[in-house]
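Please examine the sequence and the structure shown below before reading on.

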Amino acid sequence: MKLFGAILIILGAGTGGVLMARALRERVINLQQFVRGFQMLKVEIGYGLCPLETAFRRIASTLGQGVGDFFEAVSKNIQECGNVQEAWSETILKFKDELALSESDWVAVESISPFLGVTDLEHQIKVFHEAAERLKVQEDEAEHKAVTNERVFRYAGFALGVMLVLVLY
């Protein structure tokens, strides 16, 4: 019975470490998708001359789950409330707990809100470009952090489990 308990403690702590490592990797993936989404927005609006609602829907179908769901929700919120900035802000509030982004990442995503649908085409393209660049810098930092800490979290989880077993037994 003690052996079974020890195995459960080690596996539980190890799983916690693996989940923490996965969150680091998911943040990098989410940032990559947002950068790609903003780059696609530049193309959809600049060359395709699409309305924002249509552009968000097209981008959502390309990105898939996670950030794609975010863009889909923005498109639906635009249909419901008619105000692009309000739809963007509401969607951010809804997705803050669903996506693995830090507070500084959300600040960068939210920074485009005041310019959505109210500035001219060239300025919106410039805003999307600047937001993509800012998120690219954060993506590079997150990638570095993930590479250095991912393995540490995995090993630390299992090591913590083993230490708990040694202390308890």
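## Salt bridges

The model, which is predicted, contains 9 salt bridges. In one of them, the side chains of Arg27 and Asp105 come together with an N to O distance of 2.6 Å. This pair connects distant parts of the chain, since Arg27 belongs to helix H1 and Asp105 to helix H5, 78 residues apart. Both Arg27 and Asp105 are buried.

Another salt bridge joins the side chains of Arg58 and Glu44, at 3.0 Å from N to O. Arg58 is in helix H2 (residues 52-63) and Glu44 is in helix H1, so this bridge ties together parts that lie 14 residues apart in sequence. Arg58 has a relative accessibility of 42% and therefore counts as partly exposed, whereas Glu44, at 18%, counts as buried.

The side chains of Glu139 and Lys136 form a salt bridge of 3.4 Å, N to O. These two residues are 3 residues apart in helix H6 (residues 121-168), which means that about one helical turn separates them. Glu139 is buried, with a relative accessible area of 8%; Lys136 is partly exposed, with 34%.

## Packing of helices H1 and H5

Helix H1 (residues 2-46) packs with helix H5 (residues 103-110) at an angle of about 10°, and their axes are 12 Å apart. Because angles under 35 degrees count as roughly parallel, H1 is described as roughly parallel to H5.

From H1, the residues Arg27, Leu31 and Phe34 meet Ser104, Asp105, Trp106 and Val109 of H5. The residues of this contact comprise 4 nonpolar, 1 polar and 2 charged.

## Aromatic pairs

The count of aromatic pairs comes to 14. One of these is the tilted pair of Phe34 and Phe38, with 6.1 Å from centre to centre and 40° between the planes. Phe34 and Phe38 are 4 residues apart in helix H1, so they are separated by about one helical turn. Phe34 is buried, at a relative accessible area of 0%, and Phe38 is buried, also at 0%.

Phe34 also forms an edge-to-face pair with Phe70, at 5.2 Å centre to centre and 70° between the planes. This pair links distant parts of the chain: Phe34 lies in helix H1 and Phe70 in helix H3 (residues 67-81), 36 residues apart. Phe70 is buried, with a relative accessible area of 0%. Phe34, Phe38 and Phe70 are among the members of one aromatic cluster, which also includes Phe56, Trp88 and Trp106.

Technical notes:
Residues are numbered from 1 along each chain as its sequence is written. This is a predicted model: local features need pLDDT of at least 70, side-chain atom pairs count only at pLDDT 80 or more; totals for chains, interfaces and linings use all residues. Side-chain values use heavy atoms; hydrogens and water are left out. Axes are lines fitted to C-alpha atoms, for helices over the stretch in contact, and angles run from 0 to 180 degrees between N-to-C directions. Angles under 35 degrees count as roughly parallel, over 145 as roughly antiparallel, 65 to 115 as roughly perpendicular and the rest as oblique. Contact means heavy atoms within 4.5 Å. Ala, Val, Leu, Ile, Met, Phe, Trp, Tyr, Cys and Pro count as nonpolar, Asp, Glu, Lys and Arg as charged, and the others, Gly among them, as polar. Rings of Phe, Tyr and Trp (its six-membered ring) pair if their centres lie within 6.5 Å; planes under 30 degrees apart count as stacked, over 60 as edge-to-face and the rest as tilted. Buried means under 20% relative accessible area, exposed over 50%, partly exposed in between (1.4 Å probe, protein chains only). A salt bridge is a side-chain nitrogen of Lys or Arg within 4 Å of a carboxyl oxygen of Asp or Glu.
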